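Biologist: I have the sequence and the coordinates open side by side. Can you walk me through them?

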Amino acid sequence: KNDFFSWCDSPFCEFCGKQTPKNSGLNGTPTIEERESGADRVEVYTCECGKDVRFPRYNDPAKLLETRKGRCGEWANCFALMAAAMDFDVRYIYDVSDHVWVELWIAEYDNWVHCDPCENIIDRPLVYEKGWGKKLSYVIAFGTDHVYDVTWRYTLDHMKTIRLRNRVREGVLSNFLTKLNSRMAGNSTQERVKELRRRRVRELVEFLVVGERSTDGDNYGGRVSENSIEYYPFKGDVAWRAARSELGCSVKKDTVITLNQEELSNKKFSLEYNCAQDTYTRGTETIKGWSAYANFSGQIQRKIETDWKMAYLCRQEGEGEAEISWSIDLSSVRAKIFRLQVFGTAVYENGSVTVTVCVGE
């Protein structure tokens, strides 16, 4: 895994050879060549040398065999190609809370087996819920000739998961998948259709049987241990994982904002967050990612409502409250009076926002 493929928080500059700042990436427009290799979006990073560095998010696994870098999506795509080339029956698993991996059909087990190439783990289906603290709702398996809802393989708390599944009525989703699979079956042989049905029945029985499932460390692993935030050294950094809600309940980064000389001279510090672009603006500086400046974040997420064309920070699904804090070092400021202004917050339905200012420890 680590010899062939490498994790990419931010690309290295092809001009000076240095890694670009992790929080400088902005969305760009893919070129024709990038689109031909399956890149429907591209991240553009500004290096300290002043050059822009592009990071196309390729989906074509053949192209990924050349670039050999990426994040969970690229890892899953490339691994799926290799597994299929070795004659494994493979399907792509999409978690709507923003992660992907694969499942392989293992004949010896007569079952679909969880396999996450990005995490270098196999048959650890509870890693996301129990190890990372994810609130799973929909996990969908995409095969070449079928599409199934496999959420229940990856969760222990079925009742809580049911409450989180509010994007579509269960009957509507089930009916849609049934019709979709019936249509896809038209391109398969009768033997293949029969085998898929047998596998699905076996899978459903597995989901329906309620009983004890081991949740020890060997079963679900996880990116975080009690002693180290970097339990798996080859994954994304803390800010990246926190933004994806993969650090369990909360994360403390000890990030402290120190005023620069211009801010001290002007006697004014301004930090503005644009939720639509997911960027901070501090003077002339632009930083990507809502957690980039955060000192602490707990049970919070950035949510995008495509239908309403809006984005906002809110508590994670199923949580009663969330918290985010910023720490500013004012020890170098010689002043007796400070004026603080906080504006731009909004609430929806029965939500509320409480702002607390703390001084000293």
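Modeller: One definition to begin with: a salt bridge here is a side-chain nitrogen of Lys or Arg within 4 Å of a carboxyl oxygen of Asp or Glu. Also, this is a predicted model.

Biologist: Fine. How many salt bridges does that rule give?

Modeller: The count comes to 24 salt bridges. As background, side chains of opposite charge can pair when their charged atoms come close.

Biologist: Pick one with Arg54. What does its side chain meet?

Modeller: Arg54 meets the side chain of Glu34 in a salt bridge, at 2.8 Å from N to O. Arg54 is in strand E4 (residues 52-56) and Glu34 is in helix H1 (residues 32-36), so the pair ties together parts that are 20 residues apart in sequence.

Biologist: And is Glu34 buried or exposed?

Modeller: Glu34 is buried, with a relative accessible area of 7%. Arg54 is partly exposed, at 35%.

Biologist: What about Glu103, which residue does it form a salt bridge with?

Modeller: With Arg91, where the closest N and O atoms are 2.8 Å apart. That pair links distant parts of the chain, since Glu103 sits in strand E7 and Arg91 in strand E6 (residues 89-95), 12 residues apart. Both Glu103 and Arg91 are buried.

Biologist: Which residue pairs with Arg202?

Modeller: Asp110 forms a salt bridge with Arg202, and the closest N and O atoms are 3.7 Å apart. Arg202 lies in helix H7 (residues 190-208) and Asp110 in the loop between E7 and E8, so this pair ties together parts that are 92 residues apart in sequence. Arg202 is partly exposed, with a relative accessible area of 39%.

Biologist: Which residues are linked in a network of salt bridges?

Modeller: The network links Asp89, Asp110, Asp145, Arg192, Glu195, Arg198, Arg199 and Arg202.

Biologist: Take Arg199 from that list. Where is it, and is it buried or exposed?

Modeller: Arg199 is in helix H7. Its relative accessibility is 9%, so Arg199 counts as buried; the cut-off for that is under 20%.

Biologist: What is Arg199 in contact with?

Modeller: Setting aside neighbours within four places in sequence, Arg199 is in contact with Asp89, Trp105, Trp112 and Arg192.

Biologist: Change of topic: the inside. Which residues touch the most other members of the largest nonpolar core?

Modeller: That core has 19 residues, and the ones touching the most other members are Phe5, Leu64, Trp75, Val90, Val102, Leu104 and Cys118. At least two residues each come from helix H3 (72-85), strand E7 (99-106) and strand E8 (111-116). H3 gives the most, with 6 residues.

Biologist: What does Phe5 touch?

Modeller: Not counting residues up to four places away in sequence, Phe5 touches Leu64, Arg68, Lys69, Gly70, Glu74, Trp75 and Cys78. There is also a second, separate core of 15 residues, which includes Trp101, Ile121, Val139 and Tyr148.

Biologist: Last one, the whole chain. How many helices and strands?

Modeller: The secondary structure comes to 10 helices and 21 strands. Of the 361 residues in the protein chain, 40% are buried. The chain exposes about 22100 Å², and carbon and sulfur atoms supply 51% of that. Among contacts between residues at least 6 apart in sequence, 54% join residues at least 24 apart.

Notes: Residues are numbered from 1 along each chain as its sequence is written. This is a predicted model: local features need pLDDT of at least 70, side-chain atom pairs count only at pLDDT 80 or more; totals for chains, interfaces and linings use all residues. Side-chain values use heavy atoms; hydrogens and water are left out. A nonpolar core is a set of buried Ala, Val, Leu, Ile, Met, Phe, Trp, Tyr and Cys residues joined through side-chain atoms within 4.5 Å. Buried means under 20% relative accessible area, exposed over 50%, partly exposed in between (1.4 Å probe, protein chains only). Helices (H or I, at least four residues) and strands (E, at least two) are DSSP runs, numbered from the N terminus. Contact means heavy atoms within 4.5 Å. Accessible areas come from the Shrake-Rupley method with a 1.4 Å probe; for residues, only the protein chains shown count as cover.
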